[in-house]
Amino acid sequence: MARIIGGLTSSHIPAVGNAYARKMFEDPYWKPFFDGYPPVHGWLKENRPDVAVVFYNDHGLNFFLDKMPTFSIGAAASYENQDEGWGIPTIGTFEGHPELSWHIIEGVVNDGFDVCSCQEMAVDHGFTVPVQLFWGDREENPIKTIPICINTVQHPLASPKRCYEFGKAIGRAISSFPGDEKVVVLGTGGLSHQLDGKRAGFINKEFDLMCMDKIVDEPETLAKLSIHDLVREAGAQGAEFILWMAMRGALGDKVAEVHRNYHIPISNTAAGLMLLETRA
Amino acid sequence: MSTHTIQEEIPGTVIFDGRMAMKGYALNKMCYSFNGAAARDAFRADEEAYMEKFGLNEQQKAAIRARNVLQLIDAGGNIYYLAKFAGIFGLTVQDVGAQQTGMTVEAFKEYLRKQGE
């Protein structure tokens, strides 16, 4: 059976795409951010996962307000990064794993999560930035991907608890796939930030650090938060933390924290990175 | 009967819900089109005609003409789509944040940095 070996979280700030393209790894502004990633690169080199299941949110590339699914799962052979309009360079296509996608879709629908399946799915920075940060050159470090999009554009959003439970269903489905794939699960986005309104620029370090602590051993505590709690404490776009909750749900009961990094600010955002290993 | 509860307001924050999504539909649809380079060029070539094509109301047109983000939000704009509009003028999210908070861009960046201390 396929096996989930760990979970990775990373902010997916668009400016990172530009900084990456310009190789600003040693620039004083960017260094404290990029320096968080080599330990994860080492872990990936050692553990060699075959598939990355990526919880992310679309920011108005693949979905518009005409049709806005709460949970959607990619079921394509490949996913294209398309122009988002404001100038980050596109970075090509990402290989999919449609057999595992359909197995997951069947599993979660059977489990009570009636998802939208997507045989075409353009992926934006929410997906591409973390995959690029973790795998870099995909010719050198090939990885199959399955994008799972959770709506954070239009309220009502699925609650942290619902996303945590959705993650559990995804985890059960992956673990019942008849294959020998090693899988990592990504939770992208966050941490605290707000782009819009008079409160733009709001960041909450204390709340972020509490979330990073509790997501390891006490995710149930975080599942009690409401979306309104997240918007108030982490900012309007800090609600992306639901993607981390979905990731955590997929990992099962016991995990060990292997690595973390936290840095303020990258663009308007508190950037968070974690590497969690699954434990039996 | 509706069972959802009315939440307390969060100062300086507009929750983009169904009400706002209906109000801002035309504006957001125009901004969504800016994913494509041809659409960005068409807007640059004739802003008024492009707004008319998407059926923006007067409030939305005035906010677009003024390049004013708070006005755009008030007119139903969602920040993810508005970012594509701001991108046409090469504005970053720090520029957008500074405009909304009434700070200079440098002061806004310093505000961000200080929250990490």
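This is a predicted model: local features need pLDDT of at least 70, side-chain atom pairs count only at pLDDT 80 or more; totals for chains, interfaces and linings use all residues.
Q: Where do B:Glu8 and A:Arg232 sit in their chains?
A: B:Glu8 belongs to the segment before α1 of chain B, whereas A:Arg232 is in helix α9 of chain A, residues 227-234, and the pair crosses between chains.

Q: What about the contact as a whole, how many residues does it take from each chain?
A: The contact takes 42 residues from chain B and 39 residues from chain A. Between them the two chains bury about 3,500 Å², and 58% of that area is on carbon and sulfur atoms.

Q: How many residue pairs are in polar contact between chain B and chain A?
A: The count is 22 residue pairs, with both residues at pLDDT 80 or more.

Q: Which elements of chain B each supply at least two residues to the side that touches chain A?
A: They are α1 (18-23), α2 (25-33), α3 (37-45), α6 (69-74), α7 (79-88), α8 (93-101) and α9 (105-114) of chain B. By residue class, the side of chain B that touches chain A divides into 21 nonpolar, 14 polar and 7 charged residues.

Q: Stepping back to chain B itself, how many helices and strands does it have?
A: Chain B has 9 helices and 0 strands, and its elements accordingly run α-α-α-α-α-α-α-α-α from the N terminus on. Taken along the principal axes, the C-alpha atoms of chain B fill a box of roughly 50 × 45 × 20 Å.

Q: Changing topic, how many cavities of 30 Å³ or more turn up in the whole structure?
A: A search of the whole structure finds 5 cavities of 30 Å³ or more, and the largest cavity has a volume of about 170 Å³.

Q: Which residues lie nearest the centre of the largest cavity?
A: Of the 15 residues that line the largest cavity, A:Asp196, A:Gln237, B:Val14, B:Phe16 and B:Asn78 lie nearest its centre. The lining of the largest cavity divides into 9 nonpolar, 5 polar and 1 charged residues.

Q: Now the backbone: which peptide bonds are cis?
A: The peptide bond from A:His155 to A:Pro156 is cis, with omega near 5°, and A:Pro156 is found in the loop between β8 (144-150) and α6 (160-175) of chain A. The peptide bond from A:Gly190 to A:Leu191 is also cis, with omega near -5°, and A:Leu191 is found in the loop between β9 (182-188) and α7 (205-217) of chain A.

Q: What is the phi of A:Lys23, and where is that residue found?
A: A:Lys23 has a positive phi of about 55° although it is not a glycine, and the residue is found in the loop between α1 (14-21) and α2 (31-34) of chain A.

Q: Why do such backbone features get picked out?
A: Most residues other than glycine have a negative phi, and most peptide bonds are trans.

Methods:
Residues are numbered from 1 along each chain as its sequence is written. Chains are lettered from A and ligands numbered from 1 in the order in which they are written. Side-chain values use heavy atoms; hydrogens and water are left out. Contact means heavy atoms within 4.5 Å. Buried area is the accessible area (1.4 Å probe) that two parts lose on being put together, summed over both. A polar contact is a pair of N or O atoms within 3.5 Å; within protein, one must be able to donate a hydrogen and the other to accept it, and residues adjacent in sequence count only if both atoms are side-chain atoms. Helices (H or I, at least four residues) and strands (E, at least two) are DSSP runs, numbered from the N terminus. Ala, Val, Leu, Ile, Met, Phe, Trp, Tyr, Cys and Pro count as nonpolar, Asp, Glu, Lys and Arg as charged, and the others, Gly among them, as polar. On a 1 Å grid over the protein atoms alone, a cavity is a set of points where a 1.4 Å probe fits but cannot get out, and a pocket is an open set with protein on both sides within 12 Å along at least five of seven lines; lining residues have an atom within 4 Å of a point. Grid points are joined across faces, edges and corners, and a volume is the space filled by probe spheres set on the points.
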